[in-house]
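Please read it alongside the sequence and the coordinates.

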Amino acid sequence: ERYFACDCRQRKAFNASDPVECELNKFDDMLAILATSQDFVHVIAVDEAFSLFGRVWCLAEIAEAHDLRSTQRCVVYNRESIDKEYS
C-alpha cells in the first residue's frame, strides 16, 4: 500500500534527497536523547489486533529502547483482545 504526503503547504523533506531535514530518520537519535532522562519510560501501546508487532518500524523502536536499557511498559488494549488473539 502506498501512502501519500499530506497536502499541506509545508515543504516535504525525504531521507533520500534531504536526510538532514527529513523527519523520518530521527527516531533512534530522539530515543537516545530521551533515554538519558531517569524519568523516561518507553510505553508500548498495543492496539486491539496486535498489529503493532507487524510493523517493522515499531519493532525497531522497541528493540532500540531495549538496547538503550530504557524502562519499558507494555499497555494492551484490553484483556479481551489478548484472549481473542491468543486463545
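Asp83 is found in helix α3, residues 79–86; helices (H or I, at least four residues) and strands (E, at least two) are DSSP runs, numbered from the N terminus. The model is predicted: local features need pLDDT of at least 70, side-chain atom pairs count only at pLDDT 80 or more, and totals for chains, interfaces and linings use all residues. Residues are numbered from 1 along each chain as its sequence is written, and side-chain values use heavy atoms, with hydrogens and water left out.

- Asp83 is partly exposed, with a relative accessible area of 33%; buried means under 20% relative accessible area, exposed over 50%, and partly exposed in between (1.4 Å probe, protein chains only).
- The C-alpha atoms of Asp83 and Trp57 are separated by 26 Å, and the two residues are 26 residues apart along the chain.
- The count of salt bridges comes to two, where a salt bridge is a side-chain nitrogen of Lys or Arg within 4 Å of a carboxyl oxygen of Asp or Glu.
- One of them joins the side chains of Asp83 and Arg79, at 3.4 Å from N to O.
- Asp83 and Arg79 are four residues apart in helix α3, so about one helical turn separates them.
- Arg79 counts as exposed, at 56% relative accessibility.
- A salt bridge is also formed by the side chains of Asp18 and Arg11, at 3.2 Å from N to O.
- Arg11 is exposed, with a relative accessibility of 57%.

**Aromatic pairs**

- The count of aromatic pairs comes to two; rings of Phe, Tyr and Trp (its six-membered ring) pair if their centres lie within 6.5 Å, and planes under 30 degrees apart count as stacked, over 60 as edge-to-face and the rest as tilted.
- Phe50 and Phe53 are a stacked pair, because their ring centres are 6.5 Å apart and their planes are at 25 degrees.
- Phe50 and Tyr86 form an edge-to-face pair, with 5.2 Å centre to centre and 85 degrees between the planes.
- Ring pairs link Phe50, Phe53 and Tyr86 into a cluster.

**Positive phi angles**

- Most residues other than glycine have a negative phi.
- Phe50 has a positive phi, near 60 degrees, and is found in the loop between β1 (41–46) and α2 (56–67).
- Arg69 also has a positive phi, near 60 degrees, and its place is in the loop between α2 and β2 (71–76).
- Arg69 is exposed, with a relative accessible area of 77%.

**Nonpolar surface patch**

- Met30, Ile33 and Leu34 form a nonpolar patch on the surface, with about 280 Å² of accessible area together.
- Patches are made of residues with over 30% relative accessible area and no salt bridge, with like charges joined within 9 Å and nonpolar side chains (Val, Leu, Ile, Met, Phe, Trp, Tyr) within 5 Å.
- Accessible areas come from the Shrake-Rupley method with a 1.4 Å probe; for residues, only the protein chains shown count as cover.
- Ile33 lies in helix α1, residues 27–35, and counts as exposed at 54% relative accessibility.
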